[in-house]
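Please look through the two chains shown below before reading on.

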Amino acid sequence: MDMPLPKLQIGDAIEAVIDYFTINFAFITRAVSDLMETGIDVLVDAMLFFPAWVMILVFSGLAWWMTRRPRVGIFTLVGLLLIWNLELWEPTVSTIALVLIATVIAVAIGLPIGIAAALYGGLNRVIMPILDFMQTMPAFVYLIPAIPFFGLGPVSAIFSTVIFAMPPAIRLTCLGIQQVPKDLVEAADSFGANRMQKLFKLQLPLATPTIMAGINQTIMLSLSMVVIAAMIGAKGLGGEVWKAIQRFEPGDGFEAGLGVVIIAMVLDRMTQRFGTKKKT
Amino acid sequence: MPPQIKVENVYKVFGRDAGRAVRMIEEGLGKEEIMQKTRLAVGVSDASFEVEKGELLVVMGLSGSGKSTLLRCINRLIEPTAGKIYIDDVDITQLSEKELLALRAKKFGMVFQRFALLPHRTVLQNTEFGLEIQRVPVAEREQKARNALELVGLKGWEDNYPEQLSGGMQQRVGLARALAIDPDILLMDEAFSALDPLIRREMQDELLALQSRVHKTILFITHDLDEALKIGDRIVMMKDGRIVQIGTPEEILTEPATPYVEKFVEDVNLAKVLTAGSIMHKASAVTFPKDGPKTALHKMKEIGISNILVVDTDRRLIGQVSADGAIQLARKNVPSLESIIQRDVPTVHPEERINEVFAEEKFPVAVVDEKNRLKGLIIRGAVLAALAEKRSS
């Protein structure tokens, strides 16, 4: 039975806002879209310019170097070789490119917001509920408004991915700075350090492991969203899965899914220990 | 010359509408009452004192006495609610934020209870911190930091990380970091309290040795009276945010201003600070070599002692005779004490400290001056009695 009160027109209101932005600002978002699409293409083409085995060796070496663990390097090598063997190299590269770009944007926006939230209590109280909202709203919902702004394709995917993946970067940056021991902040104060000196000489260095954990989470969320974003025309492994769904090819779907799993594990292992202190 | 630090009627009340609490303090209400009535916490109330250049002033009180708050008011890490603080005649409560940061960077070196070293920096980089804040050129700050580390005995540890060092060594880094900026004033907040007793004493000795070379104005916070007595030129005693007494260690011990201080002082091993001269008894009973054993015995009996000191006519100490020996002489009818004088009497100079006297163990101990003239004597039982007497007077 319907409620006797008339329905609140929340949906209409949101639509009106989105329409307004689409009509008045679409020329900007479309320009951004074109620019970014070019950027994505360049990145993907660059990675595909080299033979697959060269890139696989480069990635494996990078994984080894970043973690200082040969095991991670070997796992990366085997995993990527399997992906190549499954003839999924091209979509994998495009997925990696999307994740990379979305992560860079999310961190570039999220880090300053996180810092500001840590330093200004008032801002913190405003931002945290918004982050809760961003994280709990079903990810698919972000896909819808992305389309009128950026059109079908990878840019829309990146837009919704950034929104979905940014909260942990903000949250953990904020947390990391707040967790810097009070007596260290006091020590910096006692030597006459100003806000910026405290931030760069004390708070950010000490918050680095926590911030890196946030970036790690952002990367993982980016990956999951990039896959979902295949529904609005992002290519890559998600696109392969989406194709398999539409054609009911469970085998192909599983293979593409396996590719996602491998990429997720590689990215996770590579970035997990990034923030921890290296000591001789 | 103006005092280096002058604190005038400083109050610190935590919470909103702090002025109300200040008025209540002025009306004579205590910390507890104000807390009950207004929910405001009084940190410091009506503190006034001065610190001279080159002086080591200890602020001593139990936790919650407001000593750390008072210290932080002096470089405005905590804003005082009311009152004035002068550093070299400049009222720092009036400084702008920018001036304040410059003042902290130039004038103050602070040392913290829990060291507060930056874990991501090496010992050298930690020591350079203050200079870095002042934007001192790299080469110069490295040189100054190395000098400071050498001063605290950490040469060779420059490239280690704090966590690789023991507590005592970490605090040396803390001290070097403060000294590296060559501040006029060192603020030391329970600087040695986190160290184990042996290291703590060692650090106290080293601080004193260091101070005799660098002559900084030092404000040292502690809850340990032994520490205060050992290192302080003067001591500020605090209780419930108020200063209850200011004085030299000797004054605090011998003339406690309030029952609170007195009670505090009771727990202290007084022997550590009192000198032989200040507790000796007047040697009213002495005997002379020409005296016969019966005279000597009579004098001993009179004041109830078993040994008596023998002096010459200029009161120069010759030795002592025991009652036992005198009795035997008396039985044999020997008229002179000469044959039984023991010449190895333990002696002390009046300036000597009591703990060293106690180590002698043989009593009585004669107190003699440079010319071996007898000034007084210390008897085992009388030592403690004298101390107790002094305290209650």
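A:Pro145 counts as partly exposed because it has 19 C-beta neighbours inside 10 Å, where a residue is called buried with 20 or more other C-beta atoms within 10 Å of its own, exposed with 12 or fewer, and partly exposed in between, the C-beta atoms being placed from the backbone. This is a predicted model, in which local features need pLDDT of at least 70 and side-chain atom pairs count only at pLDDT 80 or more, while totals for chains, interfaces and linings use all residues. Residues are numbered from 1 along each chain as its sequence is written, and chains are lettered from A and ligands numbered from 1 in the order in which they are written.

**Around A:Pro145**
- A:Pro145 sits in helix α6 of chain A, which covers residues 143–150; helices are DSSP runs of H or I with at least four residues, strands are runs of E with at least two, and both are numbered from the N terminus.
- The C-alpha atom of A:Pro145 is separated by 8.8 Å from that of A:Ser160, which lies 15 residues apart from it along the chain.

**Chain A as a whole**
- Chain A contains 11 helices and zero strands, and its C-alpha trace spans about 65 × 65 × 40 Å along the principal axes.
- Of the 280 residues in chain A, 41% count as buried.
- Among the contacts of chain A between residues at least 6 apart in sequence, 75% join residues at least 24 apart, a contact being two residues whose C-beta atoms, placed from the backbone, lie within 7 Å.

**Helix packing in chain A**
- Helix α2 (residues 52–67) and helix α11 (residues 250–272) of chain A have axes that come within 8 Å and cross at roughly 35°; axes are lines fitted to C-alpha atoms, for helices over the stretch in contact, and angles run from 0 to 180 degrees between N-to-C directions.
- The contact is made by A:Ala63, A:Met66 and A:Thr67 from α2(A), together with A:Val266, A:Arg269 and A:Met270 from α11(A).
- By class, this contact of α2(A) with α11(A) has four nonpolar, one polar and one charged residues, with Ala, Val, Leu, Ile, Met, Phe, Trp, Tyr, Cys and Pro counted as nonpolar, Asp, Glu, Lys and Arg as charged, and the others, Gly among them, as polar.

**Where chain A touches chain B**
- On the chain A side 15 residues are in contact with 17 residues of chain B.
- The elements of chain A that give two or more residues to this side are α8 (182–190) and α9 (195–228), and the largest share, six residues, comes from α8(A).
- The side of chain A that touches chain B has, by class, seven nonpolar, four polar and four charged residues.

**The sheet in chain B**
- Four strands of chain B form an open sheet in the order β2-β1-β4-β5 with antiparallel pairing, two strands being paired if DSSP finds at least two bridges between them.
- The edge strands, each pairing on one side only, are β2 (41–51) and β5 (90–91) of chain B.
- Strand β1 (residues 5–14) of chain B is joined to β2(B) by seven bridges, and B:Phe14 has B:Ala41 in β2(B) as its bridge partner.
- Five bridges join β1(B) to β4(B), where B:Ala82 is the bridge partner of B:Tyr11.

**Domains of chain B**
- The domain assignment, which is automatic or from a database, gives chain B domain 1 (5–272) and domain 2 (276–392).
- The C-alpha centres of domain 1 and domain 2 of chain B lie 47 Å apart.
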